[in-house]
2 protein chains.
Amino acid sequence: MFELKATDKNTKARVGRLETAHGSIDTPAFMPVGTQGSVKAVSPRELRELKAQIILGNTYHLFVRPGVEVIKHFGGLHKFINWDGPILTDSGGYQIFSLAKLRRISEEGVRFQNHVDGAPALISPEIAMEIQTALGSDIAMVLDECPPYPCHYEYAARSIQLTARWAKRCKENVEHRTSNVERPTRQLIFGIVQGATFEDLRQTSAHMIVDLGFDGYAIGGVSVGEPEEEMFRAVEASEPVLPTDRPRYAMGLGTPPQILELIARGMDLFDCVLPTRLARNGTAFTSTGTLNLKNAEFTMDKGPIERNCRCLACREFARGYIRHLIKAEEILGLRLITLHNLHFYLDLMRQARAKIERGTFEDFRKQFVANYKTRDVDVAV
Amino acid sequence: MFELKATDKNTKARVGRLETAHGSIDTPAFMPVGTQGSVKAVSPRELRELKAQIILGNTYHLFVRPGVEVIKHFGGLHKFINWDGPILTDSGGYQIFSLAKLRRISEEGVRFQNHVDGAPALISPEIAMEIQTALGSDIAMVLDECPPYPCHYEYAARSIQLTARWAKRCKENVEHRTSNVERPTRQLIFGIVQGATFEDLRQTSAHMIVDLGFDGYAIGGVSVGEPEEEMFRAVEASEPVLPTDRPRYAMGLGTPPQILELIARGMDLFDCVLPTRLARNGTAFTSTGTLNLKNAEFTMDKGPIERNCRCLACREFARGYIRHLIKAEEILGLRLITLHNLHFYLDLMRQARAKIERGTFEDFRKQFVANYKTRDVDVAV
């Protein structure tokens, strides 16, 4: 299911290939986020042209709207959204904690009222897995508790125990239902390591989750407001516990330099709303940092967003035109920046894989990070 | 410049071909509206795939933002927006009357404050033509006064005289500047017939404009709130005065049945924001009338927007998915409906041309109009 093709001699970076029911994914891989059944502003055809190998769907959002029964009626998420490549779904937990109202966590699961019409619902570990099976995603995530930042040690210590008990229930639920389903059509299940910013809790959580045995392992509860160094430490503490022959997914991350840093720390899969979300605000990624295309300096600029970029926006459109579109609130403007930003992230992964295979990843990472100017706006979203 | 290829024996419908600096246009033709330098939500590639042969740009909007100097700097509107097909620009007059603040009409022209930042400006007949030359459109429209509906006879009678004097100044300005420019690179100039809802004024205006001599003739001041029958009468009164060997443009029209009715009344060119504007509200055109895809009845609907439609949205996406996208305010939803609606309008023109050439247009028109249920919402925008 996961083939390790190359490992870097200077860092923990790896190149691999993950096989799923709807195709294979070259890792390190970036997963564009299709929250509500659409990668925002992008069509499936454009995703294919971008050579995206996997996209992410948010179970919470799809559960709330259009609802699982609708997606089941259409034959699953792939058919509903007309995307026949791999899809990873999260468990819904993270969005319940960040979006839903009146949420109450108990051993059973999470009760909440959704943020759209306030309807009450329960998501338990079993329900989370059954929803994801109904959605038909290629990779399903277990239900976990994602504590806020900052978080007391005692709370985080209790929380990783709950997360482990829930992970066990998720695994049992899936095994119970799918014991007779063979690969390659079997849905893969990833466990999630929690433990907030506490290194010993991260290690304990990783051991508990690995002992349960999953198809892959995610590091959750990162990028929830903590400083970047704490995020790196949480990953560094968890990673050595994870088996090398399984893919590792750093959830909800990150900026381009962060992703390279996490690849260097042994991570394989990434998802982040930054490329699509910042695009809608007129912000484009480049190898030297982000550009706010609303700025007056671009009014007369005949150049592309980034020189030598091969994306559709850069091949055909000038910064000055894109700036005009964004200022005039024309949808084409955010479409073009979204295409560029996704291309930028996906191409960064292609470059990382090539550099790892050639043994030059560490130089590449250092140079990229040194050249990239991080601006506050890029992460404060 | 305009070749009449077929005329209908039962109606005044005609098939023609109009040659412009950026290519030829088969008439009857529909022109998607690219108000601010973008047909809303659509890329130039998609316009080419839709086989749109000409698009419209609004001089007023482009004058206000990004400004003529910016577009000149980029080498004209075609290069700025990356569309190498024909473009028609209006004179800006209509939008000054409908959008700008503090407008004051005098013999000189129209003084106004724009609706974006309130900056004062003057558009005179000469300035209107010079702006359109700077934009580099293939077809430019003269500056006219578009009286509101309803309008007193006396006002309309004085107004057509002003419109005729302005038309003369437009023609002189262009001839003065472009006397040494040969076709096919010469910008075509269309005159505009006014006269509100008064048949005799329409005829007088048409005679005055035709006597000045233009490359084509438009009927303006229609679809400004008057009942449909009055609009048809205004066209019917003007049309016999227009030379048959020049294209005729019914400005700002209309619904699908209206367009067929106007083709039957000898009109060749149409533009209308309905297909793009209604799409953004979730409304799709079909041969039996519009569908509001927000309606709950479409939740589980696996069919395309319209059966047998060959547009990209109908080939690949179900009503139920598009409904979900619109309800969830996903941009892909309005993109798909926009593509469908533009395809619908452009395909209606292709059908009309084929029926005229085969001599079956009148049956086609009757049947289409009988099958098409017009809803209030379709025109009240």
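Mentor: Gladly, and one term comes first: two residues are in contact if their C-beta atoms, placed from the backbone, lie within 7 Å. This is a predicted model, in which local features need pLDDT of at least 70, side-chain atom pairs count only at pLDDT 80 or more, and totals for chains, interfaces and linings use all residues. Residues are numbered from 1 along each chain as its sequence is written, while chains are lettered from A and ligands numbered from 1 in the order in which they are written.

Trainee: Which helix gives the most to the side of chain A that touches chain B?

Mentor: Helices (H or I, at least four residues) and strands (E, at least two) are DSSP runs, numbered from the N terminus. Across the interface, 30 residues of chain A are in contact with 30 residues of chain B. On the chain A side, α3 (68-73), α4 (77-81), α13 (319-327) and α14 (331-358) each supply at least two residues. With 5 residues, the one that gives the most is α13(A).

Trainee: How many nonpolar residues does the side of chain A that touches chain B have?

Mentor: Ala, Val, Leu, Ile, Met, Phe, Trp, Tyr, Cys and Pro count as nonpolar, Asp, Glu, Lys and Arg as charged, and the others, Gly among them, as polar. By that sorting, the side of chain A that touches chain B has 9 polar and 7 charged residues, and its nonpolar count is 14.

Trainee: In chain A, which residue has the C-alpha nearest the axis?

Mentor: Copies are superposed by least squares on the C-alpha atoms of residues with pLDDT of at least 70 in both. Chain A can be laid on chain B with an RMSD of 0.0 Å by a turn of 180 degrees and a shift of 0.0 Å along the axis. The two copies are therefore related as by a two-fold rotation axis. In chain A, the C-alpha nearest this axis, 4.0 Å from it, belongs to I331(A).

Trainee: Where α13(B) meets α14(B), how many residues of the contact are nonpolar?

Mentor: Axes are lines fitted to C-alpha atoms, for helices over the stretch in contact, and angles run from 0 to 180 degrees between N-to-C directions. Helix α13 (residues 319-327) and helix α14 (residues 331-358) of chain B pack at about 125 degrees, with their axes 7 Å apart. The contact is made by I322(B), L325(B) and I326(B) of α13(B) and L332(B), G333(B), L334(B), L336(B) and I337(B) of α14(B). Alongside 1 polar and no charged residues, the nonpolar count is 7.

Trainee: How are α10(A) and α15(A) oriented to each other, roughly parallel or antiparallel?

Mentor: Angles under 35 degrees count as roughly parallel, over 145 as roughly antiparallel, 65 to 115 as roughly perpendicular and the rest as oblique. Helix α10 (residues 256-264) and helix α15 (residues 361-371) of chain A pack at about 155 degrees, with axes 9 Å apart. The contact is made by P257(A), L260(A) and A264(A) of α10(A) and R365(A), F368(A) and V369(A) of α15(A). From the angle, α10(A) and α15(A) are therefore roughly antiparallel.

Trainee: Which strands of chain B stand at the edges, each with a single partner strand?

Mentor: Two strands pair if DSSP finds at least two bridges between them. In chain B, 8 strands form an open sheet with parallel pairing, in the order β4-β14-β13-β12-β11-β10-β6-β5. One side of each edge strand is left without a neighbour in the sheet, and these edge strands of chain B are β4 (29-31) and β5 (55-57).

Trainee: Last one: through how many residues does a hairpin join β15(A) to β16(A)?

Mentor: Strand β15 (residues 283-286) and strand β16 (residues 289-292) of chain A run antiparallel, with 4 bridges between them. T283(A) stands opposite N292(A) in β16(A). The number of residues through which the hairpin joins β15(A) to β16(A) is 2.
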